[in-house]
Each structure stands twice: as C-alpha cells, then as structure tokens.
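Student: I have a new model on my screen. Can you walk me through reading it, feature by feature?

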Amino acid sequence: MSQQNISVLTLTVTASGTVTTARGVGYDGAQATTAGQKVMGIAMTGAAAGESLAVVTKGTAIVESGAAIAIGDSLMVDTQGRVTPVTGNLSIGSGATPVTSTAANGEILTGADLPEYLVGDALQAASAAGKFIEILLR
C-alpha cells in the first residue's frame, strides 16, 4: 500500500507552539503532549508558534509512530504527539456514576470524558517508533 494523505477535511489553525509534521494537534493549536489526549487531527507540515498550520481532521493522514504498530490497531497519541496502540485504560475514575442495576452489562461512564481518545486506525504497520505510516482518522 502506498502512503497518501487523503484529506476529506483540512482545517487551518494558528500554531500555539512548535508543531512537528505528522504529529497530533490539539484543539488549542499545540502539538499533543499528553498520552491519550483528545486531538483535532494530524499536522500536515511543521509550524512555529504563531504560524498557520494545516491539520487533517477527516480522511487519512501520514503520522509518525511512537511504538510498533500492527495493521488495524486502534491508535492514540503519546506524549510527543506520535501515534501508539491504545492501552485500554478504561478504569472508572472518581466522580463516575456507579451502576447498581442487575441488568447493566459492562462499565457505564456518565458525565465525563474518556481517559483515552482514539485518533484513528492503522492502515499500515510500523516496526518501531519513528516510522511513518498511513492511518484512517476517526
């Protein structure tokens, strides 16, 4: 499979810090710095603070891996904005509503954000960190 950026929707934002090409970008225009952070999309190019930055939000994007990745893995960002397989950290945090119904099936969270956000799914494999792969954005 060849690598492509098939952008269905690209937004231009003002970078609020240094952003590296092919890394996750938060809604504040900064490169992602928290593992599992909710991101707007993937930076198509690098940018310095105050510069315009094109961010792919829908479609496919070329991203930098932060770990080994298999085709089909669900992905989140790491502390450097690279993508890694999700860790499955879905523990119920403080303030969550306990479920006491005998009909409840599984964990139910209400009134809070998830502990990890998915950015997409791997269309290509990465053997280690630092590889560039194409992903399908969610």
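Student: Which side chain does arginine 82 meet in a salt bridge?

Tutor: First, keep in mind that this is a predicted model. Now the idea. Side chains of opposite charge can pair when their charged atoms come close. Here the partner of arginine 82 is aspartate 78, at 2.9 Å from N to O.

Student: Is arginine 82 buried or exposed?

Tutor: Compare its relative accessible area with the cut-off: buried means under 20%. Arginine 82 has 15%, so it counts as buried. Aspartate 78 has 10%, so it is buried too.

Student: How many salt bridges are there?

Tutor: The count comes to three. One of them joins arginine 23 to glutamate 64, with the closest N and O atoms 3.0 Å apart. This pair links distant parts of the chain, 41 residues apart. Arginine 23 sits in the loop between E1 and strand E2 (24-25), and glutamate 64 in strand E4. Both residues are buried.

Student: Which residue forms a salt bridge with arginine 138?

Tutor: Aspartate 121, with the closest N and O atoms 2.8 Å apart. Arginine 138 lies in the segment after E8 and aspartate 121 in strand E7, so this pair ties together parts that are 17 residues apart in sequence. Look at the exposure of each end. Arginine 138 is partly exposed, with a relative accessible area of 47%. Aspartate 121 is buried, at 18%.

Student: Let's turn to the fold. How many helices and strands does the protein have?

Tutor: Zero helices and eight strands. Read along the sequence, the pattern is β-β-β-β-β-β-β-β.

Student: How do I read the way strands pair? Take E5: in what sense does it pair with E6?

Tutor: Look for bridges between the two strands, then check their directions. E5 and strand E6 (residues 83-85) run antiparallel, joined by three bridges. Methionine 76 has threonine 84 in E6 as its bridge partner.

Student: What do E5 and E6 form, and how many residues lie between them?

Tutor: They form a hairpin, with five residues between the strands. In the turn, glycine 81 has a positive phi of about 85 degrees.

Student: Which residue in E7 stands opposite serine 74?

Tutor: Aspartate 121 does. That is the residue in the salt bridge with arginine 138. The strands here are E5 (residues 74-77) and E7 (residues 120-122), which pair in the antiparallel sense over two bridges.

Student: What is isoleucine 135 in contact with, beyond its neighbours within four places in sequence?

Tutor: Its contacts include Gly59, Ala61, Val63, Leu75, Val83 and Val119. Aspartate 121 is on that list as well.

Student: Is isoleucine 42 buried or exposed?

Tutor: Its relative accessible area is 1%, so isoleucine 42 is buried. It lies in strand E3 (residues 41-43). Leaving out residues up to four places away in sequence, it touches Arg23, Val55, Val63, Val119 and Leu137, among others. Arginine 23 is 19 residues away along the chain, yet the two C-alpha atoms are separated by 5.4 Å.

Conventions
Residues are numbered from 1 along each chain as its sequence is written. This is a predicted model: local features need pLDDT of at least 70, side-chain atom pairs count only at pLDDT 80 or more; totals for chains, interfaces and linings use all residues. Side-chain values use heavy atoms; hydrogens and water are left out. Two strands pair if DSSP finds at least two bridges between them. Helices (H or I, at least four residues) and strands (E, at least two) are DSSP runs, numbered from the N terminus. Contact means heavy atoms within 4.5 Å. Buried means under 20% relative accessible area, exposed over 50%, partly exposed in between (1.4 Å probe, protein chains only). A salt bridge is a side-chain nitrogen of Lys or Arg within 4 Å of a carboxyl oxygen of Asp or Glu.
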